[in-house]
Amino acid sequence: MNTKINDKEIRRELKMYIEENMEVFDENIDLRDNDNIFEKGFVSSIFAMRLLTFIESTFKTEVKDEDINLANFSSIDNIVRMLEK
Amino acid sequence: MKEIKCVVWDLDHTLWDGILSEGDPVKLKDGITEIIKELDHRGILLSISSKNNMSDAMAQLEQFGLKEYFLYPQINWSPKSESMKIIKDKLNIGMDTFLFIDDQGFEREEVASIHPDIRTLNAAEYHSLLTMPALNPKMLTAESQRRRLMYMEEEIRQEEEKYSETPRTFLERLNMKFTIAKANMEDLKRAEELTVRTNQLNSTGIQYDYQQLEQFMTDPDYCLLVCELTDRFGSYGKIGLVLLETRTDIWKIKLLLMSCRIVSRGVGTVLLSYIMKTAKAAGKRLQAEFKKTGRNRQMMIAYQLANFIEVGRDKDELLLENDLSTIQPYPPYIEIIASDQLV
């Protein structure tokens, strides 16, 4: 990825977007960067497609076809790792 | 020549004679009402790009009894190329499926210079509209005749979505029902229409015609499925099609396509989950053919996010396989109506 946005900013944006779209309503849930958002049931895999669109438009990048798999989108850590490759 | 899905009209000296903002008593051009109604009946969407005062122009259209025929009218003083972009984004169809009608060469050129794929027509030639081949879809289906209404229902949904606390509460209140069933004779026309109209979400870019689809429908080696989505606002119609080859122990998805309008509802994933479940229950392996067309990236993404992995490649043609180890459960807010067995 060639755009330079800092790591912290990316994490903050991602966290906000995922939290907005969470499918659980428990106020006490704290989304951590290494949480697997699909396994924890925070979002369904259907959300992955919207997450991809969000990432590409917010960070002005195009995720490479070979990087698109559920694992790469399953946590904030993994997304950041993919983007910073 | 590609079919035109939307005709965008200028108003002054195009739809009517006279200039509204100069206080002229405007008069609809000869035969315009009939043309508008006929295009609408053919399932062709209509919109407006006009430099005018929005409320005056809409009041005038209402007086002519034509207001409800136009989706997302853009009546403002911005360049018309910008209005076209907005209409395109709202309707979610390709730029190359638009026809723009204006009496002024300047406006037609301005639009064409920014969007070279848009076809333009001099308003003086409006009488030729109904006989243009690109405006004569080969067949009319229940979906095409309801198309404008479906967009209007969608607009209400989007309004409601804006005011829902969370996306999830919105989806839950929709009461979505997704029906997956084997195609019957009545579905074939619509199935052909889907393969012709759906570019972005076609897994192979192949457009099958009526006869081919009819053969697949009756061939025991294949399973042709159609999907319908409804919610409390109405029916989205038959919006998905799957051609599954079931001849051997490796089931193969030869074609998967979805109408673009319903992607955000997540039913693509549901459909894939359904095929995966039935394949697994039948003890089969599951593969899918995919061909990059430059416009169907969304479909590739749907496959990849459902765990389909590339197992073979010949230039642009990919063979994908799903090991069926993890199958996403259906989201609780969609009721799935389908048979457990396909073959």
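Modeller: Gladly! Let's begin with contacts: two residues are in contact if their C-beta atoms, placed from the backbone, lie within 7 Å. Leaving aside neighbours within four places in sequence, E321(B) is in contact with R285(B), L286(B), Q287(B), F308(B), I309(B) and V311(B). This is a predicted model, in which local features need pLDDT of at least 70 and side-chain atom pairs count only at pLDDT 80 or more, while totals for chains, interfaces and linings use all residues. Residues are numbered from 1 along each chain as its sequence is written, and chains are lettered from A and ligands numbered from 1 in the order in which they are written.

Colleague: How many helices and strands does chain B have?

Modeller: Chain B has 10 helices and 15 strands. Its radius of gyration, taken over C-alpha atoms, can be held against the globule rule, 2.2 Å times the number of residues to the power 0.38. The radius for chain B is 22 Å, close to the 20 Å that the rule gives for 343 residues, so chain B is as compact as a globular protein of that length. Along its principal axes, the C-alpha trace of chain B spans about 75 × 45 × 35 Å. Of the 343 residues in chain B, 40% are buried. Among contacts in chain B between residues at least 6 apart in sequence, 67% join residues at least 24 apart.

Colleague: And how many residues of chain A are in contact with chain B?

Modeller: There are 12 residues of chain A in contact with 12 residues of chain B. To sort them by class, count Ala, Val, Leu, Ile, Met, Phe, Trp, Tyr, Cys and Pro as nonpolar, Asp, Glu, Lys and Arg as charged, and the others, Gly among them, as polar. On the side of chain A that touches chain B, six residues are nonpolar, four polar and two charged.

Colleague: How do I read a pair of packed helices?

Modeller: Two packed helices are described by the angle between their axes and the distance between the axes. The axes are lines fitted to C-alpha atoms over the stretch in contact, and angles run from 0 to 180 degrees between N-to-C directions. In chain B, the axes of helix 7 (residues 185–197) and helix 8 (residues 210–218) come within 9 Å and cross at roughly 125°. Under 35 degrees counts as roughly parallel, over 145 as roughly antiparallel, 65 to 115 as roughly perpendicular and the rest as oblique. Helix 7 and helix 8 of chain B are therefore oblique to each other.

Colleague: Which residues of helix 7 and helix 8 of chain B make the contact?

Modeller: Helix 7 of chain B brings L188(B), K189(B), A191(B) and E192(B), and helix 8 of chain B brings Y210(B), L213(B), E214(B) and M217(B). By class, this contact has five nonpolar, no polar and three charged residues.

Colleague: What should I look for in phi?

Modeller: Most residues other than glycine have a negative phi. Y72(B), although not a glycine, has a positive phi of about 45°. Y72(B) sits in the loop between helix 2 (54–63) and strand 5 (74–75) of chain B, and is partly exposed, with 19 other C-beta atoms within 10 Å. L324(B) is not a glycine either, and has a positive phi of about 60°. The loop that holds L324(B) runs between strand 14 (317–322) and strand 15 (334–338) of chain B. With 15 C-beta neighbours inside 10 Å, L324(B) is partly exposed.

Colleague: Which residue follows helix 10 of chain B?

Modeller: N307(B) does, and its phi is positive, near 80°. Within helix 10 (residues 297–305) of chain B, the buried residues include M299(B), M300(B) and A302(B).

Definitions and conventions. Helices (H or I, at least four residues) and strands (E, at least two) are DSSP runs, numbered from the N terminus. A residue is buried if 20 or more other C-beta atoms lie within 10 Å of its own, exposed if 12 or fewer, and partly exposed in between; C-beta atoms are placed from the backbone.
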